[in-house]
Amino acid sequence: MPSPAIFYSADVETILPDEAETQAELIETFRSIIEAVHADTGHAYRSVHAKSHALLEGEMEVLSDLPAELAQGLFLTPRRYPVLARISTNAGDILPDSISLARGLAVKVLGVDGERLPGSEGDSTQDFVMANGTSFPAPTAKAFLKNLKLLAKTTDRIEWGKKAISAVFRVTEKALEAVGGESALLKSLGGYPNSHPLGERYFSQAPIRYGAHIAKVAVVPLSANFNALSDTEIAIDGRENALREEVAKVLATQGGQWELRVQLCRDLEANPVEDASVAWPEDDNPYVPVAIITIPAQTSWSEDRAAKMDDGTSFSPWHGIADHRPLGNIMRARKPAYAASSQFRGSLNGCPMHEPVPEPSV
């Protein structure tokens, strides 16, 4: 029997004295990445997760009969919501898929009621921003900033070298995993396995408020066809857009489903709020389902859809309701950094960001 869920209170967070300075440096570093890519391509992309592989429309159904500790916030009552979803890789420049990087999944739920977070007043969306790893690659924003500055120096440079390094690192990482090991560093530098994006598990990595409690969020394959792709390795050599093409093959005719799950904080030492690099143990505290995301068969990527969802829409964990307030050092840093970056790329592209609203029912 798991321990009771910890109740949220403001004192679960500890604000460091240099956070404002770190956040200002993050904004400038993100800006430098956008500027570098814009100077070379004439287009402003996201400073991280620039390349999209799928831009999707679907529906999320909150499960009925959830226990009280799970029936919180957006998941309080059974209901269906329209959703948008974006699958991407984490570089700030548009790289060929032969450079194998970690993936991200962002989900935007539309038509959400409730008290809004600061900066999202007047909107009705709830965003969940996730990556395919259980923990964030750095414990704090200051540590992440050091890594980001190194990546900024290589943005839109020496693509041939990145391809060669990625090929070597993939082989090395595969050898490590064959003996039960793993290297987050190798994966971040281009050694990520050539796995199918629809078969991946995606995690918020950092916690959010979950109504009266605290939780991390995950999206995992549910339908048989998505699950069957979890061990599929994609042939990427010589294919600039291999991931986009493979996702399109599935979604053009089949569609599929993900399960949205949450892992409640039950021990503030084992489940820290401030250190996002710590994966909360799952042995006696697993992620449990609270909703189903259904993606119908559709054209999963097009230039027109990219103009709408890549250029005109932003995803941030701070787009949402107070019941799902992002928590911890990494999440606090994301608020000003994401807002400044989306505003900057919008100004460069002449396409201001806007939050979508659900179409009125007929």
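Modeller: In helix 6, the buried residues are Ala242, Leu243, Arg244, Glu246, Val247, Val250 and Leu251. Buried means under 20% relative accessible area, exposed means over 50%, and partly exposed lies in between (1.4 Å probe, protein chains only). Helix 6 spans residues 242-251 and is mostly covered, with 7 of its 10 residues buried. Helices (H or I, at least four residues) and strands (E, at least two) are DSSP runs, numbered from the N terminus. An α-helix has 3.6 residues a turn, so residues three or four places apart point the same way.

This is a predicted model, numbered from 1 along each chain as its sequence is written. Local features need pLDDT of at least 70 and side-chain atom pairs pLDDT 80 or more, totals for chains, interfaces and linings use all residues, and side-chain values use heavy atoms, with hydrogens and water left out. The average pLDDT, the predictor's confidence in each residue from 0 to 100, is 89, and 89% of the residues score at least 70. Residues 157-190 fall below 50; beyond near neighbours in sequence, this stretch still has 55 contacts in the model. Contact means heavy atoms within 4.5 Å.

What do the buried residues of helix 6 pack against? They meet strand 1 (51-62), strand 2, strand 3, helix 5 (224-227) and strand 9.

Take strand 2 next. It covers residues 80-89 and holds Arg86. Arg86 is buried, with a relative accessible area of 3%. Its side chain reaches the backbone oxygen of His49 at 2.9 Å. Leaving aside neighbours within four places in sequence, Arg86 has contacts that include Arg46, Lys51, Ser52, Gly104, Leu105, Asp310 and Phe315.

Side chains of opposite charge can pair when their charged atoms come close. Lys108 and Asp127 meet in a salt bridge (2.9 Å, N to O). Here a salt bridge is a side-chain nitrogen of Lys or Arg within 4 Å of a carboxyl oxygen of Asp or Glu. Lys108 lies in strand 3 (residues 103-110) and Asp127 in strand 4 (residues 125-131), so the pair ties together parts 19 residues apart in sequence. Lys108 and Asp127 are both buried.

Arg332 bridges to Glu274, with 3.0 Å between the closest N and O atoms. Glu274 sits in the loop between strand 8 (256-264) and strand 9 (288-295), and Arg332 in helix 8 (residues 329-349), so the pair ties together parts 58 residues apart in sequence. Arg332 and Glu274 are buried. Salt bridges with shared partners join Glu13, Glu19, Glu274 and Arg332 into one network.

The whole structure has 21 salt bridges. One of them joins Glu25 to Lys149 at 2.6 Å, N to O. This pair links distant parts of the chain: Glu25 is in helix 1 (residues 19-41), Lys149 is in helix 2 (residues 141-154), and they are 124 residues apart. Glu25 is partly exposed, at 30% relative accessibility. Lys149 is also partly exposed, at 36%.

Conventions: Polar contact = N/O pair within 3.5 Å; in protein donor to acceptor, adjacent residues only side chain to side chain.
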